[in-house]
Amino acid sequence: MLLSIKNLHASVQGKEILNGVNLEVNRGEVHAIMGPNGTGKSTLASVIAGREVFEMTSGEILYKGKNLQKLSVEERAREGIFLGFQYPVEIPGVSITNFMRTAVNEIRKYKGLDALSASEFIKMMEEKKKLVEITSNLTNRSVNEGFSGGEKKKNEIFQMAMLEPMLAILDETDSGLDIDALRIVANGVNKLRRPDNAFVVITHYQRLLDYIIPDYVHVLFEGKIVKSGGKELALELEERGYDWIKKEQVE
Amino acid sequence: MESDSNKIIGEFTQGDYKYGFVTDIDTEFAPRGLTEDTIRFISAKKQEPEFLLEFRLKAFRHWLTMTQPKWAHLHIDPINFQDIIYYAAPKKKHQLENLDQVDPDLLATFNKLGISLEEQKKLSGVAVDAVIDSVSVKTTFTETLSKYGIIFCSFSEAVLKHPNLVKQYMGSVVPYTDNFFASLNSAVFSDGSFCYIPKGVRCPVELSTYFRINAANTGQFERTLIVAEEGSYVSYMEGCTAPQRDENQLHAAIVEIVAMKDAEVKYSTVQNWYPGDKNGKGGIYNFVTKRGICKGSNAKISWTQVETGSAITWKYPSCILLGDNSVGEFYSVAVTNNHQQADTGTKMQHLGKNTRSTIISKGISAGKGNNSYRGLVRITKNAVNSRNYSQCDSLLLGSQCGAHTFPYIQVENKSSIVEHEATTSKISEDQLFYCQQRGIDMESAIGLIVNGYAKEVLKQLPMEFAVEAQKLLSISLEGSVG
Ligand SMILES: Nc1ncnc2c1ncn2[C@@H]1O[C@H](COP(=O)(O)OP(=O)(O)OP(=O)(O)O)[C@@H](O)[C@H]1O
Ligand SMILES: [Mg+2]
């Protein structure tokens with residue numbers, strides 16, 4: 001098992017957001033997480049990534065059998081956890097090339113590998129750009145600065161391709177994408193799928209799941225996973241909305 | 001959350017000065033204190049011509065009538081000017097011909113700093129005039145340069161070999177009456193660099209001087225003069241590091257630049273003197289007067305500075321735009337960490353028609369550091385159709401540091417345009433988390449973000465200098481993380 005979350009409770013500024021999340025992700029699987037706005041999807045992603053503002057109050061997260069709580073944000077990243085941000089952050093003056101070169105080499109150092117030379121790195125970058133169909137001028141620009149919404153999301157996929165994570169959590173990477181970009185992003189994910197890695201895709205739209213076929217679909221509601229199923233659950237949600245789930249909860 | 005990230009940034013920014021070491025070089029001192037006799041001693045030691053002794057004495061007598069200025073945003077302990085040694089020179093046995101003859105301790109010092117003269121010569125084509133404790137120890141490339149008619153030597157040498165040029169230009173941009181520290185420098189300056197580019201010559205290499213303060217309790221009074229004749233070009237680099245010291249060391253330098261018609265001078269500085277320890281003890285007092293004049297039309301002077309060191313920095317590299325269509329530029333990154341204080345900026349005096357100036361200032365404050373930008377843009381009545389663009393940004397790391405911006409703007413005609421923009425920002429928790437999520441630790445993340453912030457200025461530096469400056473920026477904010 002790659003990721004195992006048991007009875008996870010987490011709060012921010014004293015307010016409990018997650019109250020008892022259970023989730024198991026095996027290598028080779030794609031999981032989709034859906035649910036109404038503000039129910040804690042991004043919070044769950046942040047807690048897995050180790051963001052400090054979110055306090056884990058109880059429960060446990062095991063990743064590759066190890067207790068994640070002991071690891072810092074960057075150690076988790078170096079162990080192969082990647083978060084595609086719902087709102088990617090701008091870093092003025094830092095080119096994507098420089099940013100990625102720093103990241104790739106820090107991860108290599110952690111793994112005991114030599115840093116890539118400039119030419120090796122450029123070669124790798126060209127390959128990955130092709131893979132995710134990204135235009136070349138984007139990588140010369142500062143990280144996310146002045147990017148359109150869609151460009152930011154494509155850039156997240158490009159970074160994922162560069163870092164080759166074991167567990168990729170994509171938080172609404174499909175939001176704000178036009179149809180072509182959606183296909184590009186989905187293809188990127190599909191090309192990066194391997195038997196030993198896994199994806200957790202947070203989305204509001206069943207449409208994405210036409211391209212990235214999930215093994216499981218979960219509904220996160222008020223800080224808990226209240227329903228899990230196969231791909232057909234997404235279709236049902238698309239059709240019926242969340243009201244019936246809310247009702248089921250009350251009953 | 002707020003206090004938490006402050007704590008982290010606080011821990012992070014408390015890095016100790018990496019270049020703190022002292023080499024033991026045989027030094028010859030002037031008697032402690034300052035009287036006319038001290039000045040005669042210095043002048044005699046240097047076998048100076050009469051005009052220079054006169055200049056020094058006039059400056060000294062004027063200085064006696066002045067009092068040390070008080071600045072609103074700098075806290076300076078009183079300086080006892082009688083407790084300073086005004087002259088220290090490595091004992092010269094004979095003239096040095098190659099690096100083998102240089103004091104091995106000195107070479108080791110350069111090596112620790114990653115500045116090997118030999119390497120500099122071979123790899124980057126840089127002519128290095130190394131100044132240690134006021135007297136030039138070694139000048140390289142002089143011969144190559146002399147083929148072009150370029151003079152690049154120590155100030156003392158220029159005084160002896162080119163007295164007429166020195167007499168003509170010394171004090172013409174910064175008069176000995178200019179300010180308290182300029183007067184002091186004019187009275188007691190020990191050495192420095194002199195650079196003369198003849199008409200129509202493009203200097204083929206970057207000229208570079210590494211200054212270094214080395215003897216305990218020795219005030220350092222450098223004087224640099226650069227003259228660029230009509231249609232010439234030169235790029236000049238100045239870089240400094242200093243060994244760790246307990247007592248405050250005073251540094252009051254003067255740099256004068258004269259650019260004739262169609263000439264261009266680029267002056268770049270990376271300043272990394274000992275900033276004092278975490279509690280603000282020790283550190284260099286850096287009071288510098290830097291000024292250039294665009295004397296002819298279409299002349300251009302460009303100042304670029306990366307200031308990471310010193311306990312107190314007070315400097316305003318300035319341009320007098322006298323020639324029509326002349327251009328002045330000022331690009332600055334100033335870092336203050338722990339108890340460092342910096343009050344820096346520029347003055348752009350537009351006197352000629354169609355003159356243009358650009359000011360890009362990036363302040364970075366961390367710890368309890370205080371960073372002020374003070375700039376004057378003055379466009380006189382005759383300077384019609386002139387333009388200035390100023391951008392002053394401040395970046396704060398943590399909540400105990402300060403940033404202040406004091407732009408003074410005087411426009412005396414209607415056809416000129418002055419634009420001023422100012423921003424203050426912080427490194428956000430979002431940005432740090434984003435970097436860390438990509439596997440980059442906090443220390444590298446801050447280095448990355450700060451260098452990105454300063455990019456507009458760093459890209460003005462000559463290539464090899466830019467790399468050094470980037471490292472310095474990261475080092476100066478480095479510390480022990482968790
Ligand atoms: N830093 C924070 N401080 C205070 N409240 C927060 C913070 N971050 C999240 N919250 C709150 O936690 C709740 C869950 O937010 P979260 O972003 O996890 O929702 P989401 O399921 O991702 O929603 P969406 O579908 O809109 O992206 C919301 O009520 C939100 O306002
Ligand atoms: Mg969200």
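Predicted model: local features only at pLDDT ≥ 70, side-chain atom pairs only at ≥ 80, totals over all residues.
Local features here need pLDDT of at least 70 and side-chain atom pairs count only at pLDDT 80 or more, while totals for chains, interfaces and linings use all residues; side-chain values use heavy atoms, without hydrogens and water. Residues are numbered from 1 along each chain as its sequence is written, with chains lettered from A and ligands numbered from 1 in the order in which they are written.

**View 1. E79(A) and K66(A) form a salt bridge.**
A salt bridge is a side-chain nitrogen of Lys or Arg within 4 Å of a carboxyl oxygen of Asp or Glu; here the closest N and O atoms are 3.4 Å apart. E79(A) sits in the loop between helix 2 (73-78) and strand 6 (81-84) of chain A and K66(A) in strand 5 (residues 66-67), so the pair ties together parts 13 residues apart in sequence. (Helices, H or I of at least four residues, and strands, E of at least two, are DSSP runs numbered from the N terminus.) E79(A) is buried at 15% relative accessible area, and K66(A) is partly exposed at 42%. (Buried means under 20%, exposed over 50%, partly exposed in between, with a 1.4 Å probe and protein chains only.)

**View 2. K129(A) meets E126(A) within helix 4 of chain A.**
Their salt bridge spans 3.3 Å, N to O. Both residues belong to helix 4 (residues 118-131), three residues apart, about one turn of the helix. K129(A) is buried at 5% relative accessible area, whereas E126(A) is partly exposed at 38%.

**View 3. E48(B) and R56(B) pair in a salt bridge.**
Their N to O distance is 2.7 Å, and both E48(B) and R56(B) are buried.

**View 4. A network of salt bridges links R51(A), E429(B) and D430(B).**
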